[in-house]
Amino acid sequence: MRISRARKVEIVLRDLGRRYAEDDPLQGEGTTLAKLTAETEDPFKVLIGTILSQRTRDEKTEVASRRLFARYDTVDALARARVAEVQRLIKPVGFYRQKARKLREVSRVLLARHGGRVPDTYEELIELPQVGPKTANCVLVYGYGREALPIDTHCHRIPNRIGLIRTKTPEETERALGRIVPREYWVNVNEWFIRFGKEVCKPVGPRCGECNFTAFCGYYRGRGQR
Ligand code: SF4
(Lines give C-alpha, C1' and ligand atoms only; values in the text may rest on other atoms or scores of the structure.)
Protein backbone atom coordinates (compact mmCIF):
# COMPACT_ATOMS: atom_id res chain seq x y z
CA MET A 1 0.00 0.00 0.00
CA ARG A 2 1.34 3.41 -0.93
CA ILE A 3 1.87 5.74 2.02
CA SER A 4 1.31 9.44 1.39
CA ARG A 5 4.09 11.90 2.18
CA ALA A 6 1.94 13.59 4.81
CA ARG A 7 1.45 10.25 6.53
CA LYS A 8 5.20 9.52 6.40
CA VAL A 9 5.93 12.90 7.99
CA GLU A 10 3.40 12.14 10.72
CA ILE A 11 4.90 8.69 11.38
CA VAL A 12 8.45 10.08 11.54
CA LEU A 13 7.61 12.95 13.88
CA ARG A 14 5.52 10.78 16.19
CA ASP A 15 8.27 8.17 16.36
CA LEU A 16 11.00 10.71 17.07
CA GLY A 17 8.76 12.30 19.68
CA ARG A 18 8.35 8.94 21.39
CA ARG A 19 12.11 8.49 21.40
CA TYR A 20 13.16 11.94 22.61
CA ALA A 21 10.34 14.21 23.79
CA GLU A 22 10.41 13.01 27.38
CA ASP A 23 14.17 13.16 27.78
CA ASP A 24 15.54 15.60 30.34
CA PRO A 25 18.58 17.68 29.33
CA LEU A 26 19.14 18.41 33.03
CA GLN A 27 19.84 14.70 33.41
CA GLY A 28 22.40 14.82 30.61
CA GLU A 29 20.02 13.76 27.85
CA GLY A 30 20.04 15.69 24.59
CA THR A 31 22.36 17.86 22.56
CA THR A 32 24.73 20.44 23.98
CA LEU A 33 22.33 23.22 23.01
CA ALA A 34 19.41 21.52 24.74
CA LYS A 35 21.51 21.13 27.88
CA LEU A 36 22.74 24.74 27.78
CA THR A 37 19.18 25.93 27.32
CA ALA A 38 17.83 23.85 30.19
CA GLU A 39 20.69 24.74 32.53
CA THR A 40 20.97 28.45 31.86
CA GLU A 41 17.96 29.70 29.83
CA ASP A 42 20.47 32.17 28.41
CA PRO A 43 20.26 33.06 24.68
CA PHE A 44 23.84 34.38 24.89
CA LYS A 45 25.14 30.94 25.82
CA VAL A 46 23.02 29.39 23.08
CA LEU A 47 24.52 31.79 20.56
CA ILE A 48 28.09 31.14 21.70
CA GLY A 49 27.48 27.38 21.91
CA THR A 50 26.06 27.35 18.39
CA ILE A 51 29.07 29.19 17.00
CA LEU A 52 31.33 26.71 18.77
CA SER A 53 29.32 23.84 17.25
CA GLN A 54 29.93 24.93 13.66
CA ARG A 55 31.70 22.09 11.82
CA THR A 56 32.33 20.35 15.14
CA ARG A 57 31.00 17.20 16.80
CA ASP A 58 28.53 17.77 19.62
CA GLU A 59 30.74 16.11 22.24
CA LYS A 60 33.59 18.52 21.50
CA THR A 61 31.17 21.46 21.55
CA GLU A 62 30.02 20.52 25.02
CA VAL A 63 33.54 20.26 26.40
CA ALA A 64 34.58 23.59 24.89
CA SER A 65 31.37 25.34 25.98
CA ARG A 66 31.74 24.25 29.56
CA ARG A 67 35.40 25.26 29.69
CA LEU A 68 34.62 28.66 28.16
CA PHE A 69 31.61 29.47 30.35
CA ALA A 70 33.46 28.45 33.50
CA ARG A 71 35.76 31.40 32.80
CA TYR A 72 33.63 33.81 30.72
CA ASP A 73 29.89 33.48 31.21
CA THR A 74 28.60 36.93 30.28
CA VAL A 75 28.72 39.08 27.19
CA ASP A 76 30.77 41.71 29.06
CA ALA A 77 33.35 39.18 30.20
CA LEU A 78 33.76 37.62 26.76
CA ALA A 79 33.96 41.04 25.10
CA ARG A 80 36.96 41.84 27.32
CA ALA A 81 38.61 38.43 27.06
CA ARG A 82 42.06 37.83 25.67
CA VAL A 83 41.80 35.94 22.39
CA ALA A 84 44.72 33.67 23.31
CA GLU A 85 42.94 32.62 26.49
CA VAL A 86 39.69 31.96 24.62
CA GLN A 87 41.63 29.90 22.07
CA ARG A 88 43.10 27.79 24.85
CA LEU A 89 39.68 27.16 26.40
CA ILE A 90 37.88 26.26 23.18
CA LYS A 91 40.70 24.26 21.61
CA PRO A 92 38.61 21.06 21.42
CA VAL A 93 36.45 22.55 18.61
CA GLY A 94 37.38 22.90 14.96
CA PHE A 95 38.65 26.26 13.73
CA TYR A 96 39.19 27.34 17.34
CA ARG A 97 41.58 30.17 16.44
CA GLN A 98 39.11 31.83 14.10
CA LYS A 99 36.18 31.14 16.43
CA ALA A 100 37.96 32.70 19.42
CA ARG A 101 38.34 35.97 17.54
CA LYS A 102 34.74 35.83 16.35
CA LEU A 103 33.36 35.07 19.82
CA ARG A 104 34.97 38.20 21.19
CA GLU A 105 33.87 40.18 18.16
CA VAL A 106 30.26 39.04 18.39
CA SER A 107 30.23 39.90 22.10
CA ARG A 108 31.50 43.40 21.33
CA VAL A 109 28.90 43.85 18.61
CA LEU A 110 26.15 42.74 20.99
CA LEU A 111 27.29 45.38 23.47
CA ALA A 112 27.63 48.10 20.85
CA ARG A 113 24.44 47.48 18.87
CA HIS A 114 22.06 45.65 21.19
CA GLY A 115 22.92 46.77 24.73
CA GLY A 116 24.48 43.39 25.48
CA ARG A 117 21.32 41.48 24.65
CA VAL A 118 21.06 38.78 21.99
CA PRO A 119 18.42 39.88 19.49
CA ASP A 120 15.37 37.69 18.98
CA THR A 121 14.66 38.26 15.31
CA TYR A 122 16.18 36.43 12.37
CA GLU A 123 16.93 39.69 10.59
CA GLU A 124 19.00 41.06 13.47
CA LEU A 125 20.71 37.77 14.27
CA ILE A 126 21.86 37.18 10.71
CA GLU A 127 23.71 40.51 10.80
CA LEU A 128 25.99 39.35 13.64
CA PRO A 129 29.53 38.11 12.96
CA GLN A 130 29.83 34.33 12.41
CA VAL A 131 26.05 33.96 12.31
CA GLY A 132 24.47 32.26 9.30
CA PRO A 133 20.97 30.85 8.83
CA LYS A 134 21.53 27.74 10.97
CA THR A 135 23.01 29.66 13.89
CA ALA A 136 20.32 32.34 13.73
CA ASN A 137 17.59 29.70 13.71
CA CYS A 138 19.25 27.78 16.57
CA VAL A 139 19.17 30.92 18.72
CA LEU A 140 15.49 31.41 17.90
CA VAL A 141 14.58 27.79 18.72
CA TYR A 142 16.80 27.03 21.70
CA GLY A 143 17.31 30.53 23.05
CA TYR A 144 13.79 31.89 22.62
CA GLY A 145 11.54 28.89 21.97
CA ARG A 146 10.47 30.38 18.62
CA GLU A 147 9.32 28.36 15.64
CA ALA A 148 12.27 28.05 13.27
CA LEU A 149 14.08 25.28 11.41
CA PRO A 150 17.85 25.15 11.98
CA ILE A 151 19.26 22.76 9.39
CA ASP A 152 22.47 20.94 10.20
CA THR A 153 23.89 17.90 8.37
CA HIS A 154 21.56 15.46 10.15
CA CYS A 155 18.47 17.57 9.49
CA HIS A 156 19.46 17.70 5.83
CA ARG A 157 20.48 14.07 5.38
CA ILE A 158 17.73 12.19 7.18
CA PRO A 159 14.57 13.56 5.52
CA ASN A 160 16.33 13.21 2.17
CA ARG A 161 17.27 9.62 2.92
CA ILE A 162 13.76 8.74 3.95
CA GLY A 163 12.37 10.45 0.87
CA LEU A 164 10.29 13.10 2.62
CA ILE A 165 12.06 15.76 0.59
CA ARG A 166 14.51 15.95 -2.28
CA THR A 167 16.91 18.84 -1.75
CA LYS A 168 20.53 19.65 -2.40
CA THR A 169 21.32 22.42 0.11
CA PRO A 170 20.38 23.23 3.72
CA GLU A 171 18.56 26.31 2.47
CA GLU A 172 16.38 24.17 0.19
CA THR A 173 15.84 21.74 3.07
CA GLU A 174 14.68 24.52 5.37
CA ARG A 175 12.12 25.66 2.81
CA ALA A 176 10.99 22.12 1.99
CA LEU A 177 10.61 21.08 5.63
CA GLY A 178 8.79 24.32 6.29
CA ARG A 179 6.14 23.23 3.80
CA ILE A 180 5.60 19.71 5.17
CA VAL A 181 6.34 19.84 8.92
CA PRO A 182 3.49 21.20 11.08
CA ARG A 183 4.63 24.34 12.90
CA GLU A 184 4.03 22.80 16.30
CA TYR A 185 7.02 20.52 15.61
CA TRP A 186 9.45 23.16 14.37
CA VAL A 187 11.04 23.69 17.79
CA ASN A 188 11.75 19.95 17.97
CA VAL A 189 13.01 19.15 14.49
CA ASN A 190 16.65 20.12 15.01
CA GLU A 191 17.04 18.35 18.34
CA TRP A 192 15.27 15.18 17.25
CA PHE A 193 17.00 14.76 13.89
CA ILE A 194 20.43 15.41 15.40
CA ARG A 195 19.89 12.78 18.05
CA PHE A 196 18.41 10.30 15.60
CA GLY A 197 21.31 10.96 13.23
CA LYS A 198 23.87 10.30 15.93
CA GLU A 199 22.20 7.26 17.44
CA VAL A 200 20.40 5.47 14.59
CA CYS A 201 20.49 6.99 11.12
CA LYS A 202 24.24 7.56 11.16
CA PRO A 203 25.95 9.10 8.15
CA VAL A 204 27.88 5.87 7.54
CA GLY A 205 26.36 2.55 8.54
CA PRO A 206 22.85 3.58 9.59
CA ARG A 207 21.29 1.16 12.07
CA CYS A 208 18.23 0.36 10.01
CA GLY A 209 17.43 -2.64 12.20
CA GLU A 210 16.65 -0.20 15.04
CA CYS A 211 14.51 2.06 12.88
CA ASN A 212 10.75 2.13 12.38
CA PHE A 213 10.85 3.72 8.92
CA THR A 214 12.03 0.78 6.85
CA ALA A 215 8.60 0.30 5.28
CA PHE A 216 8.97 3.55 3.37
CA CYS A 217 12.56 4.80 3.72
CA GLY A 218 13.92 5.35 0.23
CA TYR A 219 17.53 4.77 1.31
CA TYR A 220 16.72 1.45 2.99
CA ARG A 221 14.58 0.17 0.18
CA GLY A 222 16.99 1.35 -2.48
CA ARG A 223 19.85 -0.59 -0.92
CA GLY A 224 18.11 -3.94 -1.05
CA GLN A 225 16.85 -3.70 2.52
CA ARG A 226 20.29 -4.25 4.05
S1 SF4 B 1 15.70 2.93 7.57
FE2 SF4 B 1 17.92 3.26 7.84
S3 SF4 B 1 18.48 4.88 6.38
FE4 SF4 B 1 16.23 4.90 6.62
S5 SF4 B 1 15.82 6.43 8.23
FE6 SF4 B 1 15.96 4.43 9.22
S7 SF4 B 1 18.12 4.25 9.86
FE8 SF4 B 1 18.00 5.91 8.34
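In this predicted model, Arg-55 occupies the loop that joins α3 (43-53) and α4 (58-71). The phi angle of Arg-55 is positive, about 55°, although the residue is not a glycine. Most residues other than glycine have a negative phi. Arg-55 counts as exposed, because it has 9 C-beta neighbours inside 10 Å, and the limit for that class is 12 or fewer.

Phe-95 also has a positive phi, near 55°, and is a residue other than glycine. Its place is the loop between α6 (83-89) and α7 (96-114). With 15 C-beta neighbours inside 10 Å, Phe-95 counts as partly exposed.

**Domains and their contact**

The chain is assigned two stretches of structure as domains: domain 1 (5-23 + 149-222) and domain 2 (31-144). Taken over C-alpha atoms, the centres of domain 1 and domain 2 lie 26 Å apart. Where the domains meet, domain 1 contributes 12 residues and domain 2 contributes seven residues. On the side of domain 1 that touches domain 2, the elements giving two or more residues are α11 (170-180) and α12. Of these, α12 gives the most, with five residues. By residue class, this side of domain 1 divides into six nonpolar, one polar and five charged residues.

**The packing of α10 and α12**

Helix α12 (residues 186-199) also packs on helix α10 (residues 153-162), at an angle of about 75° and with the axes 8 Å apart. The two helices α10 and α12 are therefore roughly perpendicular to each other. From α10, the contact is made by His-154, Cys-155, Arg-157 and Ile-158, and from α12 by Val-189, Asn-190, Phe-193, Ile-194, Phe-196 and Gly-197. The residues of the contact of α10 with α12 comprise six nonpolar, three polar and one charged.

Trp-186 is placed in helix α12. Not counting residues up to four places away in sequence, Trp-186 touches Glu-147, Ala-148, Leu-149 and Val-181. Between the C-alpha atoms of Trp-186 and Ile-90, which are 96 residues apart along the chain, the separation is 30 Å.

The largest nonpolar core has 53 residues, and among them Ile-90 and Val-139 touch the most other members. Both domain 1 (5-23 + 149-222) and domain 2 (31-144) supply at least three residues to this core. In soluble globular proteins, nonpolar side chains tend to be buried together.

Val-139 belongs to helix α9 (residues 133-144). With 28 C-beta neighbours inside 10 Å, Val-139 counts as buried. Leaving aside neighbours within four places in sequence, Val-139 is in contact with Pro-43, Val-46, Leu-47, Thr-50, Val-118, Leu-125 and Tyr-144.

Gly-143 counts as buried, because it has 24 C-beta neighbours inside 10 Å. Not counting residues up to four places away in sequence, Gly-143 touches Pro-43, Val-46, Leu-47 and Val-118.

**Helix α1**

Val-9 is in helix α1 (residues 5-20). With 19 C-beta neighbours inside 10 Å, Val-9 counts as partly exposed. Leaving aside its neighbours within four places in sequence, Val-9 is in contact with Leu-164, Ile-180 and Val-181.

**C-alpha distances for selected pairs**

| Pair | Apart in sequence | C-alpha distance |
|---|---|---|
| Val-9 and Leu-164 | 155 residues | 6.9 Å |
| Gly-143 and Ala-34 | 109 residues | 9.4 Å |
| Trp-186 and Ile-90 | 96 residues | 30 Å |

Key
Residues are numbered from 1 along each chain as its sequence is written. This is a predicted model: local features need pLDDT of at least 70, side-chain atom pairs count only at pLDDT 80 or more; totals for chains, interfaces and linings use all residues. Axes are lines fitted to C-alpha atoms, for helices over the stretch in contact, and angles run from 0 to 180 degrees between N-to-C directions. Helices (H or I, at least four residues) and strands (E, at least two) are DSSP runs, numbered from the N terminus. Angles under 35 degrees count as roughly parallel, over 145 as roughly antiparallel, 65 to 115 as roughly perpendicular and the rest as oblique. Two residues are in contact if their C-beta atoms, placed from the backbone, lie within 7 Å. Ala, Val, Leu, Ile, Met, Phe, Trp, Tyr, Cys and Pro count as nonpolar, Asp, Glu, Lys and Arg as charged, and the others, Gly among them, as polar. A nonpolar core is a set of buried Ala, Val, Leu, Ile, Met, Phe, Trp, Tyr and Cys residues joined through C-beta atoms within 7 Å. A residue is buried if 20 or more other C-beta atoms lie within 10 Å of its own, exposed if 12 or fewer, and partly exposed in between; C-beta atoms are placed from the backbone. Domain bounds come from an automatic or database domain assignment.
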